Amino acid sequence: MKTIKLQNNSLKLVKDVLKDLKASPDLGIYKCVQCGMCTSVCPGASQTEYDPRDMIRRVLEDDETVIDDENIWNCFSCYTCNSICPSGNNASEINQILRQMSIDKGEGIQKIVSFSAYGDSFMELGVGSIPNTFFDVMVKDVGPEYMNLKLNIEDIRADLGLGSYILPEEAINEVESILDNSGFKNRLERIKRCKK
Amino acid sequence: MIGGGISGISASLSLARQGIKTCLIEEQPTIGGAMVKVGKLFSPEKLVEECAMCLLNPLVNEAVEHQNIGILTNTTLKSAERRSGNFNLLIESKPRMVIEDRCISCGSCAEVCPVEVKDSWNEGMTIRKAIYKPFAQAVPDVYTIDLENCKKCGKCQDVCRMNAIDLEMEGEIIPMTVGSVVIATGHKTFDMAKRPEYSYGRHEDIVTQMELARIMGVNGPTKGKLLKPSNNKVPERVVMVQCVGSRDEKPGGRKYCSKVCCMVAIKHANVIKQHYPDTDVIICYNDMRTPGMYEKYFKYAQSNGVRLIRGRPGEIAEKNGIFTVRLEDTLSKEPLEIETDLVVLSTAMEPSKGTIDVSGILDVGLTEELFVKEKHSKIKPVATEVEGIFVCGTAQGPKDITDSIVQANAAASKVSELINGGVELEPFVASIDPSKCKLCRKCIDVCKYKAAYIQDEVLTVDPISCTGCGACLWECNNDAIEIMGQTDEQIMAMITGMLKDKKPHENRIIAFLDSVGYVSADNIGINKIDVPNSIRIIKIPSMNRIMPKHVLHAFKMGADGIIMGEYPYNLMYSRTKEKIRGLKRELLKNNINPDRLVFYKVYIPYFRGLASKFNEFDGKIKCLEN
């Protein structure tokens, strides 16, 4: 049986979430009435065990194990939960804060290693683009035309009267310099080291 | 009485029985309001549903028969002005195009009328003609022409044996002087266009609770049978969605709980279960709110096999005539899809257009949600900001019929108090010198008691509304306002008197206290609490009355400090803080230390606090060098 003990600072986790840099100033987490409207429209919840309502309940009940819960990694950040919430709450945002907590603890870092190629793309091209390691699954989801788009992107853009999406060398260097000075590069290296 | 629903009818009857002449005006061609449409009612103590028409009809009949009640339908309030406690109203009557005295309600006219329109009395689920009577028992029992849709073809005139139809009939403006006004303008329901995720309007079998009430009403489109609008078949399952537009902070939503929807849903669920036991009924709820005796009716619904799922649906989808209601069963922590063939939405109660319009015309305040604001939710629950104007029913906020009737009777008794008992007034009332007043309206704008108004080019103060607070004196650049019983001379003389015979090295502090502060100071005495003998108390209706000249006079006459104490929950308090800053600036300009003037909030039970403030300030004054 769970016991809510006296002198237990039972709002620690929710306060930490609200203090987070990422938290919107009007984040309505305290106003949650556990109606489940977020879960009812959540694509992650329909396919996995992820439950945004229950995640928020655990935050409100100071259940820190939620940070280690595998299911928080099943959010797509589509923000449908936010757009439908009648209490002004935002489960996506809370999810991202919890993920960051997990990354800071060191455990969540494994979850984002496969995304590090996005970081490389920023460093090398100055823009974010879907890394080629994801092409197979994209073809599975979108269909064979996805590869066609990828391979002939420059021609397709030319047909549409659009210029090249490759940034000039100068701009790429500038972006790289910003990413380096802001600590992004270091962070990316740190994440990539976890791969090994 | 503005509004002829159950609230307006109940309040009118109470007043009429007390011998007070009452005029009931109703915008629609018939009285009865929302109550006649709902068919069946729930009650606190009973486990059966009551017949709305059976309860309402005797009241309507009594109102019609009563010699003290005049009923004007098709009528709205056009304008209103106040004159010393009375209201001069202009009432506008739309032409009915049917002479009431001649119409025998035979219906031949409607038979020949070629114009067909959706019948709003059945929530648009049936068709009526352009000449119509909303329902069989309508009062007054006459036909009406709907001017928006009538083509003036004259066919109805040809068949009318009573010569009752006059297509040239014109509207009327009726002037009226009344002693009191009651706003009973009711509510409307949430506009479903704001929540497309529930697919309302795209499918006939997604209906609101009011539409379900009409479907199940014996005088409704299906004569009381529960049949789906799309195919006239009995539904296998009915899913009800609670809190549609209520408890909703999204744009266009209503932040409040609409209070009646849980009971309405349970009532309809019970009625369905009684007549169609094979139809499954599921209510998707957030919190089941059935306070007091209503809990018994909730338990009764459970025992009837009504199913309850705790979760708020996010979406309703349709495929091949089957709806899917998507929600999370929050108790079992499971995303859930419920298949159903009829969905009922429990839509929020919102202020009606009439409520907002009438409040504007009468100049009464509204709440954040645009319901009529009562003066004080506890001690003045039916009074509005304007003396003599009262409110009842859903015009004041969401409530059920039981509460509406209680409030209607409360409003009637307050009108009766005013009319039969007269009014007792404090003598402190603003008076205007018309020779100095330039009609700049600044005093009108500042007065939250809405006591000042311009009548026939003369600024007038309603003595019943004015509290003599003195805020208007600050605004008047022409020195045209005085407070009777608290003129500048009187205040100056009180100050002079309090500082008379002051000895060298003696400290004197003037404490201006409002009536709450004064009682608090009395309690200091009764409880024998020590206060410095420097304190001299002057009672003033409001700190707004104290102006720079009074303060400067006090210091000139030898005061060492000034305390001002006011109860913070009066209507004009918001201005007080700004005033105090103004007074302090004025002191600084005259080389007087602004720390010699302080302001405290006062409360009757907090007299020990006031005493310690006196002591604290006295000590501080002694240490001040200038």
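In chain B, the helices α1(B) and α3(B) cross in a left-handed way, a crossing being left-handed if the near helix is turned anticlockwise from the far one by less than a right angle, and right-handed if clockwise. The model is predicted, with local features needing pLDDT of at least 70 and side-chain atom pairs counting only at pLDDT 80 or more, while totals for chains, interfaces and linings use all residues. Residues are numbered from 1 along each chain as its sequence is written, and chains are lettered from A and ligands numbered from 1 in the order in which they are written.

Helix α1 (residues 6–17) of chain B packs against helix α3 (residues 52–65) of chain B at an angle of about 50°, their axes being 10 Å apart; axes are lines fitted to C-alpha atoms, for helices over the stretch in contact, and angles run from 0 to 180 degrees between N-to-C directions. Helices (H or I, at least four residues) and strands (E, at least two) are DSSP runs, numbered from the N terminus. In α1(B), the residues B:I6, B:I9, B:S10, B:S12 and B:L13 meet B:L56, B:L59, B:V60, B:E62 and B:A63 of α3(B), where contact means that C-beta atoms, placed from the backbone, lie within 7 Å.

Between the chains, 17 residues of chain A are in contact with 17 residues of chain B, and α2(A) gives the largest share of chain A's side, four residues.

Chain B also holds an open sheet of three strands in the order β18-β19-β20, with antiparallel pairing, for which DSSP must find at least two bridges between two strands. Five bridges join β18(B) to β19 (residues 322–329) of chain B, and B:E318 stands opposite B:F323 in β19(B).

Terms used: Two residues are in contact if their C-beta atoms, placed from the backbone, lie within 7 Å.
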